[in-house]
Amino acid sequence: MARAQSPRRRLIATLAAWGVALTIFFPVLWMILTSFKTEASAVAMPPQLFTADWTLENYAEVWQRSDYPRFFWNSVFISIGSTLLGLAIAIPAAWSMAFVPGRRTKDLLMWMLSTKMMPAVAVLIPLYLVFQRIGLFDTRLGLILALMLMNLPIIIWMLYTYFKEIPAEILEAARMDGANLWNEIVYVLTPMALPGIASTMLLNIILAWNEAFWTITLTTTKAAPLSAFIASFSAPQGLFYAKLSAASAMAILPILILGWFSQKQLVRGLTFGAVK
Amino acid sequence: MSTQSTRLAARLMVAPSVIVLFIWMIVPLAMTLYFSFRLYRLLTPDRTGWVGFNNYLWFFNAPDFWLALFNTLALVGGVLVITVILGVLIALLIDQPVKGQGMLRILVISPFFVMPPVAASIWENLFMHPQNGLFSALARGFGMQPILFLEDYPLWSVIGIVSWEWLPFATLIFLTALQSLSSEQLEAAEMDGATPVNRFRYIILPHLTRAITVVILIQTIFLLGIFGEIFTTTQGGPGSASTTLPYMIFKQAIVAKDIGRAAAGGIIAVILANIVAYFLMRGIGRHLDN
């Protein structure tokens with residue numbers, strides 16, 4: 001709702017908006033600045049916004065820790081793996097619910113969403129015990145399965161709302177031209193659905209990367225991703241501010257950048273198309 | 001238009017999702033229900049048996065439980081109030097014709113992409129730390145005693161951290177909703193002499209109703225399960241001052257290794273979530289139909 005305004009009011013609005021935005025962003029900025037300081041200047045009093053002794057040492061040191069790269073790659077495998085597996089199961093389901101809806105499709109969708117409302121703690125105990133029994137505890141595969149199932153309702157809902165927007169007339173036209181189900185999916189639907197699938201994928205990688213319940217409860221060391229690592233890193237040895245900041249920065253930067261690119265899709269994705 | 005075989009294929013394609021979701025939720029839930037009536041401690045695995053409602057009674061008699069219940073609702077409610085009110089205000093501010101709106105959106109949305117342990121650890125160490133935090137430096141700069149955030153105000157501190165994470169989400173959704181509001185309507189109201197407050201009250205707020213409903217629904221789903229922030233900062237303490245229901249159950253299961261009690265807590269959490277969900281689903285169900 002852009003409206004004409006006097007230059008003076010416009011200047012005030014601009015300054016206020018930037019002030020608020022920078023305040024919200026400041027903790028992230030402060031963490032990134034701290035990650036380039038030496039440990040001494042990181043805790044210097046009074047705090048310094050910029051220091052003369054910039055260093056990349058913290059990043060090098062964190063990365064050379066014997067285990068940091070393992071946490072990092074665990075995060076990569078688990079978030080991408082769970083998203084791809086989720087898409088493989090969700091795409092056929094969302095496709096058929098969008099294009100061949102039955103009487104109960106709406107109820108089914110609501111049921112799927114309602115499983116998201118189930119508190120994770122309610123199924124923690126069986127999962128914890130079963131995972132230990134069948135050897136999935138503290139494995140990447142176990143976490144891929146858990147996070148895939150956790151996000152599956154969201155994946156299905158997002159895809160469903162995207163597929164819903166593909167006009168059914170196009171399918172009818174393809175059928176008239178003699179396309180069978182397989183051709184319909186490969187040559188007609190997939191190209192039209194790709195943008196929706198891509199943003200669903202992006203958003204779910206973000207959700208899986210940042211997940212911090214199953215990753216903490218279902219791992220110890222071997223399969224622990226960055227979220228579990230940072231959660232246990234911070235507590236007692238809190239004085240390594242610069243290194244903690246560098247470890248944190250590496251944990252969030254890949255996702256922050258992905259997030260910036262997908263923020264337009266974020267709104268309709270996470271609201272299941274209710275707000276566009 | 002669809003043939004019999006298309007319908008059959010469609011059902012087959014939905015089946016895997018339904019089956020895995022069913023196994024993921026219903027089977028563990030049944031197991032939790034079963035454990036909740038059993039004596040089952042991992043530290044003394046030989047002693048087992050039925051204990052009726054004892055595990056539930058333990059919860060209801062534990063003073064921690066009522067505190068945890070209160071904390072859970074205070075956390076969800078507090079964060080919802082803060083993010084919705086501030087979110088609307090910030091969205092209104094950014095929605096004005098300001099310079100660099102794209103960059104502003106990127107700055108504002110950023111905290112949403114920060115994983116909970118990192119968000120919690122930034123606030124805990126770089127800001128709230130009594131010796132080295134930025135807040136304590138500020139307090140000393142003004143000649144005051146640093147506030148011991150996580151010791152003296154643990155629940156408020158957690159509410160603050162979680163609000164920082166979710167404010168971007170609310171703001172972005174409200175901003176998106178505002179941008180679909182027609183400016184003609186507002187201009188007409190302005191010419192008819194409507195005050196800014198009245199324009200907000202009678203035009204902007206009704207337009208945002210749907211967005212606010214959606215924000216409340218989605219955030220509640222995620223907020224009821226808040227865990228990583230508490231685990232990273234206060235560990236539910238001091239005492240049980242910042243223990244929520246999920247965190248209390250986690251402590252029973254993983255720390256005390258009392259599976260029976262933790263399971264009873266899980267069932268109580270499900271009942272609580274269902275009560276909350278009942279009201280929410282009615283809200284969003286209405287919006288989804290149109």
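Predicted model: local features only at pLDDT ≥ 70, side-chain atom pairs only at ≥ 80, totals over all residues.
The C-alpha atoms of chain A occupy a box of roughly 75 × 70 × 35 Å along the principal axes. The radius of gyration is 23 Å for chain A, whereas a compact globule of 276 residues would have a value near 19 Å. Buried residues account for 47% of the 276 residues in chain A. Among the contacts of chain A with a separation of 6 or more, 79% are between residues 24 or more positions apart.

Within chain A, one pair of helices may be examined in detail. In general, two packed helices are described by the angle between their axes and the distance between those axes. Helix H5 of chain A covers residues 105–117, and helix H7 of chain A covers residues 140–164; their axes come within 9 Å and cross at roughly 140 degrees. Angles over 145 degrees would count as roughly antiparallel and those from 65 to 115 as roughly perpendicular, and H5(A) and H7(A) are therefore oblique to each other. The crossing of these two helices, H5(A) and H7(A), is left-handed. On the side of H5(A), the contact is formed by A:Leu109, A:Met112, A:Leu113, A:Thr115 and A:Lys116, and on the side of H7(A) by A:Pro153, A:Ile154, A:Ile156, A:Trp157 and A:Tyr160. Sorted by class, the residues in this contact of H5(A) with H7(A) are 8 nonpolar, 1 polar and 1 charged.

Attention now turns to chain B, which has 13 helices and 2 strands. Its radius of gyration is 24 Å, well over the 19 Å that the globule rule gives for 290 residues, so chain B is more spread out than a compact globule. Along the principal axes, the C-alpha atoms of chain B fill a box of roughly 80 × 75 × 30 Å. Of the 290 residues in chain B, 45% are buried. When contacts in chain B between residues at least 6 apart in sequence are considered, 69% of them join residues at least 24 apart.

The two chains also touch one another. In this contact, 94 residues of chain B meet 82 residues of chain A. Helix H1 of chain B, residues 4–36, supplies 17 residues, the largest share of the side of chain B that touches chain A. That side of chain B is made up of 67 nonpolar, 20 polar and 7 charged residues.

Finally, two loop residues of chain B deserve a look for their backbone geometry. B:Gln235 lies in the loop between helix H11 (228–232) and helix H12 (245–255) of chain B. Although B:Gln235 is not a glycine, its phi is positive, at about 55 degrees. A residue is buried if 20 or more other C-beta atoms lie within 10 Å of its own and exposed if 12 or fewer do; B:Gln235 has 16 and is therefore partly exposed. With 15 other C-beta atoms within 10 Å, B:Lys257 is partly exposed.

Methods: Residues numbered from 1 in each chain as written. Chains lettered and ligands numbered in written order. Helix = DSSP H or I, 4+ residues; strand = E, 2+ residues; numbered from the N terminus. Axes fitted to C-alpha atoms, helices over the stretch in contact; angles between N-to-C directions. Parallel < 35°, antiparallel > 145°, perpendicular 65-115°, else oblique. Left-handed = near helix turned anticlockwise from the far one by under 90°. Contact = placed C-beta atoms within 7 Å. Nonpolar A, V, L, I, M, F, W, Y, C, P; charged D, E, K, R; others polar. Rg over C-alpha atoms; globule rule 2.2 N^0.38 Å.
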